[in-house]
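Visitor: I'd like to go through some side-chain packing in this one. Can we start with the aromatics?

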Amino acid sequence: MSGSSDPLVPGNPSPETMPGEAHLAGQSQFNWGCLIAPLLGLALVGVLVCGGLVVGITLPAMSAAREAAQRMNCSNNMKQIGLALHNYHAAYNQLPPAYTVDEEGNKLHSWRVAILPFMEQQALYQQIDLSKPWDAPENAVVASTVVSAYVCPSKVGDPLMTTYVAVVDSSGMFEGAIPTKFAQATDGLASTILLVETEHENEVHWMSPEDIDLPTLLERSEYDSHQGGGHVVMGDGAVQFITNSIEVGLLESLVTKDGGEDYSSR
C-alpha cells in the first residue's frame, strides 16, 4: 500500500502539496475520447461517402469500357464475314444466294453456311448434308456447333443464334435464292450495304435460311445491338456503325444496289 498514489492513503502527498504542473494535469477532466470518437465517426462516414462516389463513377466507366471492347470485337467479326464473302465472290464470280433451295423450292441452308470454307471452317462445312434442310437430323451435330465469328460479344442468350443477317430484297445484294454479283452494284460498293447487325429480337440460328427483309430493317427497333445502333458491312468490305438517328430514306437507299440515289445532300 505504501506505493499507492492514492492521496487518501497516509504518507502520500496530498493534492495541495503536489507540484503545480501535476496538479493542473490532475484537475483537467476533459474527456478526449468524446472528441475523437465523433471525429472518427465522421471520417468513417466520409470514407463511405467517398467510396460510394468512387463506385458510382467507376461502374459506368467500366460498363462503357466493356461495351467499347465488345463493339470492337463485333466489328472484327463482321470484317471477317465480309472478307469471306469477298473471297467467295473471287472463287465463284458471284455472292452466295441468301439461301439454297431444293427441287421444290423449299429453303435448305443460309449464305452463312456457304461461306464456312472461307472462314477457316472447312472441316465443319464438310460435315453438312447440303441436300437436307439445316435442321434435319443428319445436320444435328453441326447445328449444335457454335461458330464464334457469328456471335456478337454483346449478345445475350443462345450462342447458336446470330444477329448478323442479310437484308433479303430484290433491290439489294441478297435477292433470295438468286445469287448476285458485285458488278450489279452500280451505286458503288462503298455506298451499298452487304450485311447488317440486327436487333436481338430478330436473331436467327446461324444455319437457318432466314434473315430480315427491308421493312424489318427500316423499323429500327428500340432494342439495339449496341448502345445507339448497330454495325453494317458495306459492299467494299468496310464496317460502319449506323446510329438509330439515320434517316429512313437514307438507310433504304443504302440497301439498294442500283437505285441511282444522290447522297451528296445527305
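Visitor: Trp 111 and Phe 174, buried or exposed?

Guide: Both Trp 111 and Phe 174 are buried, where buried means under 20% relative accessible area, exposed over 50% and partly exposed in between, with a 1.4 Å probe and protein chains only. This is a predicted model: local features need pLDDT of at least 70, side-chain atom pairs count only at pLDDT 80 or more, and totals for chains, interfaces and linings use all residues. Residues are numbered from 1 along each chain as its sequence is written, and side-chain values use heavy atoms, with hydrogens and water left out.

Visitor: How many aromatic pairs does the structure hold?

Guide: Five. Rings of Phe, Tyr and Trp (its six-membered ring) pair if their centres lie within 6.5 Å; planes under 30 degrees apart count as stacked, over 60 as edge-to-face and the rest as tilted.

Visitor: Where do Tyr 92 and Phe 118 sit in the chain?

Guide: Tyr 92 is in helix α2 (residues 32-92), and Phe 118 is in the loop between α3 (111-114) and α4 (122-125). They are 26 residues apart, so the pair links distant parts of the chain. Helices (H or I, at least four residues) and strands (E, at least two) are DSSP runs, numbered from the N terminus.

Visitor: Why does Phe 118 count as partly exposed?

Guide: Because its relative accessibility is 26%.

Visitor: And why is the pair of Trp 111 and Phe 174 tilted?

Guide: The planes of Trp 111 and Phe 174 are at 40°, so the pair counts as tilted, with the ring centres 5.8 Å apart. Trp 111 is in helix α3 and Phe 174 in the loop between β5 and β6, 63 residues apart.

Visitor: Which residues form a cluster of rings?

Guide: Tyr 88, Tyr 92 and Phe 118 form one aromatic cluster.

Visitor: Switching topic: what sits over the ring of Phe 241?

Guide: The charged end of Arg 71, 3.6 Å from the ring centre. The test is NZ of Lys or CZ of Arg within 6 Å of the ring centre and within 35 degrees of the ring normal. Lys 107 has its charged end over the ring of Tyr 99, 4.6 Å from the centre.

Visitor: OK, Met 207. What is it in contact with?

Guide: Leaving aside neighbours within four places in sequence, the contacts of Met 207 (heavy atoms within 4.5 Å) include His 109, Ser 110, Ile 128 and Trp 134. Met 207 counts as buried because its relative accessibility is 0%.
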